[in-house]
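The following exercises ask the reader to work through a structure step by step. Each task is followed by its solution.

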Amino acid sequence: MVAEAKEKVNFKTNKSFPRQLEDEAIYILREVAAQFEKPAILFSGGKDSITIVRLAQKAFYPGKIPFPLLHVDTGHNFPETIEFRDALVKELGVELIVRNVEDSIKQGKVKEETGKYASRNALQTVTLLDAIEEHKFDACIGGARRDEEKARAKERIFSVRNDFGQWDSKKQRPEIFDMLNGKIEIGENVRVFPISNWTELDVWNYIKEEELEIPSIYYSHERDVFDRDGMIWSDSEFINKSADEIPYKSIVRFRTVGDMTCTAAVSSDANTIDQIIEEILGAEISERGARIDDKRSEAAMEKRKQQGYF
Amino acid sequence: MDILRIATAGSVDDGKSTLIGRLLFETNSITKDKIEALKTASQRKGLDFVDLSLLTDGLIAEREQGITIDVAHIYFNTPNRKYIIADTPGHFEYTRNMVTGASNASVSIILIDARHGVSEQTKRHFYISSLLRIKNVIVAVNKMDLANYEESRFEEIRKDFFELEEKVRFEGQEVNFIPISSLYGENIVTKSEKMDWYKGEPLLTLLETVKIEALDGQSHAFRFPVQFVIRPKTDEFHDFRGYAGKVSSGFIKPGDLIEALPSKQISKIKSILKAETSLEIANPGESVVLTLEDDIDISRGDMIVKVGEGPEIVKSFSAQVCWMDSNPLVAGKNYLIQHGTNRQKTKVSGIGAVMNVEIMEESSDSQDLKLNQIGIVDFRFAGFVYPDKYEVNPANGAFIIIDEFSNNTVGVGFVI
């Protein structure tokens, strides 16, 4: 179909944040505090989880955030993300729980992937489920958004997972008006997505309006990179390069922050939030287009969610 | 910036996916890599065109079977508004999904295939849009290209729809009729030259100018279901006690006299907080914290209203219920209801007239309420509830029904 548009008007000029999205997210976070006994915020150090933390701070002010932060550390994080995480936790005075994929590997629960595309991204699900069981978390709050990916477009705000952390797309609870049903059996848990209805642009506009700090790798910087499959990869000891993949220096930034093994960089001079927003408005590639983990197959995300991934 | 929430519904063949794809495409909301991915996926399916339904059909089972199972959310924006489309499937558990998708919408788009005219499905769409009291309905007569862009065909369909409209439409509901071709982009963003007989605005202009319901919820009485009590007990805020919640309807200002339900204790608003900021007024949809002049006992599930403007406090009511579970609702059975933040044990004391939306037939002697049926149900409660009639104040007139054993949300009710 997509016949050529007659007159292309530039519609994507929006630069303000719809405040109703904040009200909605705060409402959801308060429902979590009221309906569950032991919730946690899943914190990756990326812009979406930073947004969640800010929303939680606002939702319970002047009280403290009533949830700990849980970080599943693959050991392949960007060092800038870890530095940022530690500074934020110190500033907010919230509890931080870190669980390492390295430990799950040592315990023989997961096997390190091998080969050119080896990544710990899929492995972290096991570490996450173990952490949920260990701490008896009944709700885990995450920064996933429906606009990111098509399996996520079908995700509920309260997403019930069974004892094995699995998502069953056919057994989702209807969410009608703003009423959220968090009633579960012992052993089950709920994944909560307060910014479900935000887009990438909404998140950046919010970060701008709230003047939030973000890890430095979101801004343009010089880095050792190499090319693979038409994407720019950050050179690191965690990636198995072939002989013809020669690193070189380039000015780049990251549009999303995952592991060093699954997040591609983009060529960019954007040094401020305004410049980042301009860049996104003109971007021809979607946000997760730079996620190597999504490229494994057409249904990569749905399959991971069935295993207990976010 | 405002958010406009739209519900679209329809079967696979009426061009709904193409329409959504068209809106995304024309507003520059699909990136190059997504279009490329669509092309590859379409080729893999052996199609010689780009199948835009693949954009919204996200689950493996949906793609395999070529059907939409679940409500998908699609986002785009213009400089004026952010748009959220709740796109619901036409075949599978239709009523349940349509009600879910439409529950947050201020606009409902009903698609009619110009070749086939008003169908059973058109009737269902309009019935549910009216049941949920969606004030703006846009009836888009699609595939006008296959009807030679003829005014007579459009008028014929409009006339058929009008007969239906008379029966179901409620006062204040606005129904707009528009001839379009999603495939060729006629009357989507710009006025169609091929249909110069149409004097109205193109679809996007209609959407850009629709009045957003939530904003005029201000004219209703103030309703504030308490979600959570904030008591920091820190040195700085030692005696602080605030009631966190979202304004359902109406507005409130510091100094206003309030009443807490169901205890009916009276106090005065001391301050309204939105995180670190103090507000002079809180409007519908705003998540705030209220502090009071007096130390009265209020907890989650209670409701703060203005003195003398509260709803009746009751232990029973009747409601129109849409059933969403494969196990039918039966009289005499216990359930839980969640009305705002108030959760109560309930017993179904009777079932009245039942509408079978799938075939649009009413029966008066039903013993139960089956999946996708809508019926009148009488409830008795263990504790107090304080709803408004849905017709009078939708924001405080709906509730969900939870099965005590499966924990699932099994139905939604509209208080009558």
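Two strands pair if DSSP finds at least two bridges between them; strands (E, at least two residues) and helices (H or I, at least four) are DSSP runs numbered from the N terminus. This is a predicted model, in which local features need pLDDT of at least 70, side-chain atom pairs count only at pLDDT 80 or more, and totals for chains, interfaces and linings use all residues. Residues are numbered from 1 along each chain as its sequence is written, and chains are lettered from A and ligands numbered from 1 in the order in which they are written.

**Exercise 1.** Determine which residue stands opposite A:Phe158.

*Solution.* Begin with the strands: E5(A) and strand E6 (residues 189-192) of chain A are antiparallel partners joined over four bridges. Within E6(A), the residue facing A:Phe158 is A:Val192.

**Exercise 2.** State the strand order of the open sheet in chain A, and explain why one side of E3 and of E5 lacks a neighbour.

*Solution.* The six strands follow the order E3-E2-E1-E4-E6-E5, with mixed pairing. Strand E3 (96-100) and strand E5 (158-161) of chain A are at the edges; each has a single partner strand, so one side of each has no neighbour in the sheet.

**Exercise 3.** Describe the contact between chain A and chain B, where contact requires C-beta atoms, placed from the backbone, within 7 Å.

*Solution.* Chain A contributes 55 residues and chain B 61 residues. On the side of chain A, helix H1 (19-35) and H2 each supply at least two residues. The largest share, eight residues, belongs to H1(A).

Key
Contact = placed C-beta atoms within 7 Å.
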